[in-house]
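Good morning, and thank you for joining. I would like to take a few minutes for the salt bridges of one protein. Please have the display ready.

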Amino acid sequence: MDANHSTCGFLLFFFIGLYASFQCCATEIDANQTTWLFANASQISATKIPQTMFGISFEEINHSGAGGLWAELVNNRGFEAGGQNTPSNIDPWSIIGDESLLIVSTERASCFDRNEVALRMEVLCDKDGDNICPAGGVGVYNPGFWGMNIEQGNKYKVIFYVRSLNTLDISVSFIGSNGLQTLATANIIEADVSNWTKVEVVLEAKGTDHNSRLQLTTIKKGVIWLDQVSAMPLDTHKGHGFRNDLFNMIADLKPGFIRFPGGSFVEGEWLMNAFRWKETVGPWEERPGHFGDVWKYWTDDGLGYFEYLQLAEDLGSLPVWVFNNGISLNDQVDTSIILPFVQNILDAIEFARGDAASTWGSVRATMGHPETFDLRYVAVGNQDCGKKNYRGNYLKFYTAIKTVYPDIKVISNCDGSSKQLDQPADLYDFHVYTDAKSMFSMAHNFDHTSRSGPKAFVSEYAVTGQDAGKGSLLKALAEAGFLIGLERNSDAVEMASNAPLFVNTNDRRFNADAIVFNSSQRYGTPSYWMQHFFRESNGAILLNSTLQANPSNSLISSAISWQNAKDKKDYLRIKVVNFGSNRVTLKISIDGLEGNIIQETGSAKTILTSSNVKDENSFNQPTKVRSVYKLGNNQ
C-alpha cells in the first residue's frame, strides 16, 4: 500500500439487527468506485468459528511482565541479578551515603537455599559521636523499572527479610524522583533480628510521583543484611499481582486463549538460561530468578508458571503453555537423553491438572489454588522445526503426553500449511513477520490448505519494519486483512494471536507492539484497536459472503452472526478492509433472512481510520487512531 494515499485505508464493520424483509444497505465513503458485498444470513451452509479463534500471545519481552503486567515495583528484589559469585553488582540498587558512612556489598548469606545472595550493609556512622549520620540516614534505594508509580491515597505492601546482631532501627520510604519528597514512610524497630526475620509494612502514599523510588535507611551504626525486598500495590487485579490497567486492556480483547511465556524467552540463547517452570513456583521469595539471555534482562520470576495459569483463568481464556523441548538457540539435548526433560513436562501438566493430593497438584494447592487449571493445549518448543534434534525430541514428548493426557492438544513447531507433517500433531505453529503488503496478501495463505490434517495455530503474526513504525495504522490494516482471511479459513485455522503484546517504552526490544506503557501510562496502538473488531468472532457463525467488482483485490471482507452476551440477541457483523488507494462505495445485500432469529434493531458502523496510514498513537495522543462507532439507520 502506498503510504502517500493517506486517506484511503480503513477497516470497517457493521452491527446489523434485521428482519425478513430487509434486503440491502449501503455505505458511501466519498467514493468513486462501487463494490457489492453479498452475504447469506442462512446458517444452512455456514460454519462455526472455533471458540479459541482469536487470543493473545504473551512473551517476557520488552519488560512485558517484569516491570509491566506483573505489578512488583522492585527491580532485582533478591540481589541475585549480579550472579552467584560475590561480591556482585547490585544494579539498579544504589547507595545513599559515601564510603565514610557505609560499605555495601553482597554475600552468600541468605536464608533461602535457591537464592543465596544477600545484601550486606555495614553502617559506619551513628546517631552521635565522631561520625554522625546525615539527618535522612544512609542506606540503599531501588528505582524500580524506570521509576515507581506511587499515587496519593494508594497503599503498598513492602516486605523484606532482615538480619542484624544489633537492634534494628530502619526507615522504609517511598521518595519522589527528586530524592527529597517523602511520599510515604514507616520506621521499623525490632529488638531481636539475630536470625533472618520477615518484615511487612503497608505504606499509604501522601503524595504522587510516577518516577519515585523505594529506600531503606538507618542512622544506627552496625551491620544489616537485607534480602528479598518487595513492594506491591494492594490494588492489583483480584489481589493476584497483575497491574490493573494493563490487565483490563487485554481483558477488553476477550481473548479465547493466552499463549505463554514465549517465544524465544522459552528457548534461551543457551539452555542454562531457558525458562524452567519448577524454578518459578512456590513462595516468591524462594524463587531464584534467571537472566533472559535472548532479550537481555533479569527476571525475578514473580510472574511464574502458576501466575500465568492464574492469568488465563482470570481472563476466562484457555492457557496455551509453550515449553522448552531441550533446544535453545545455540545448544540442544540429544534425543537419547531427553527423557528427564519429558518427565519435567509431565510434572508441569500434573501441577496444572493434578488433584490436590498429587505430588505437583499439592504444590499448586499450597499456593492457594486447590482446584485444577484448565490446561488443554501445550506447544513443544518455539520455532525449533528443522533443528537437528527437534523431530526426535518432539516424538518423545508427544508420545508421553498423549499416554497420560490423551485429551491434551499437542502443537508442533513444523508448518503444515503447504505440506503434510511427518509427525503426529493436533495443531501446527505458524509464524509470520513481514511488510504490510505481504501481510495483506497472506489473507489467502490458507485458502488451499488441507482440511483433513492438523489445524493451524498462527501464534505470532505482525507487520514489521518501516511499515510498522512504532505501531502505524498501515500495520493494523494489513493485519486486519490477514485476520479476515484466517476467519474465512477457520475450518483450517483454530487459533491466532498477534505478537508481541506489550512493550515498556523504556525497553523496546521489538517493534511494533499492541500495547505501550510506562510506570503510570498506557495506550493501545492501532493494531490493538483493530483486534477489537474480532472480539465477537470466537464461537460465532461464519456466513457465506462474497465481494463483487473488487478493485485490484484491495478489499477483503467477512460476515458472521453472533449472540450478544448482555442482551442475548443475535446480530450480524460484517467486516471490511480497504487496503487500496481509492475510496469505495460499498453496497451490501443480505439474503437468507426468512425465519432467521436476527431481529430488527437497526445498524451501527465502526471505522478504524486516520488522515494518514502512517499515523500512530502516543502517550500525548493515545487515541489519535482508534475505532469510531456510529449509529446507522435501517435501509
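Let me begin with a term: a residue is called buried at under 20% relative accessible area, exposed at over 50%, and partly exposed in between, with a 1.4 Å probe and protein chains only. The model is a predicted one, in which local features need pLDDT of at least 70 and side-chain atom pairs count only at pLDDT 80 or more, while totals for chains, interfaces and linings use all residues. Residues are numbered from 1 along each chain as its sequence is written, and side-chain values use heavy atoms, with hydrogens and water left out.

A salt bridge here is a side-chain nitrogen of Lys or Arg within 4 Å of a carboxyl oxygen of Asp or Glu. By that rule, there are 27 salt bridges.

Consider D169 and K127, whose side chains form a salt bridge at 3.5 Å, N to O. This pair joins distant parts of the chain, 42 residues apart: D169 belongs to strand 12 (residues 168-175), and K127 to the loop between strand 8 (117-123) and strand 9 (138-142). Strands are DSSP runs of E, at least two residues, and are numbered from the N terminus. D169 counts as buried because its relative accessibility is 16%, whereas K127, at 48%, counts as partly exposed.

What is the setting of E72 and R77, buried or exposed? Both residues are buried, and their closest N and O atoms lie 3.0 Å apart in a salt bridge.

D374 and R376 form a salt bridge at 2.7 Å, N to O. D374 is partly exposed at 39% relative accessibility, and R376 is partly exposed with a relative accessible area of 39%.

Finally, a network of salt bridges links K157, K198, E200 and E285.

Technical notes: Helices (H or I, at least four residues) and strands (E, at least two) are DSSP runs, numbered from the N terminus.
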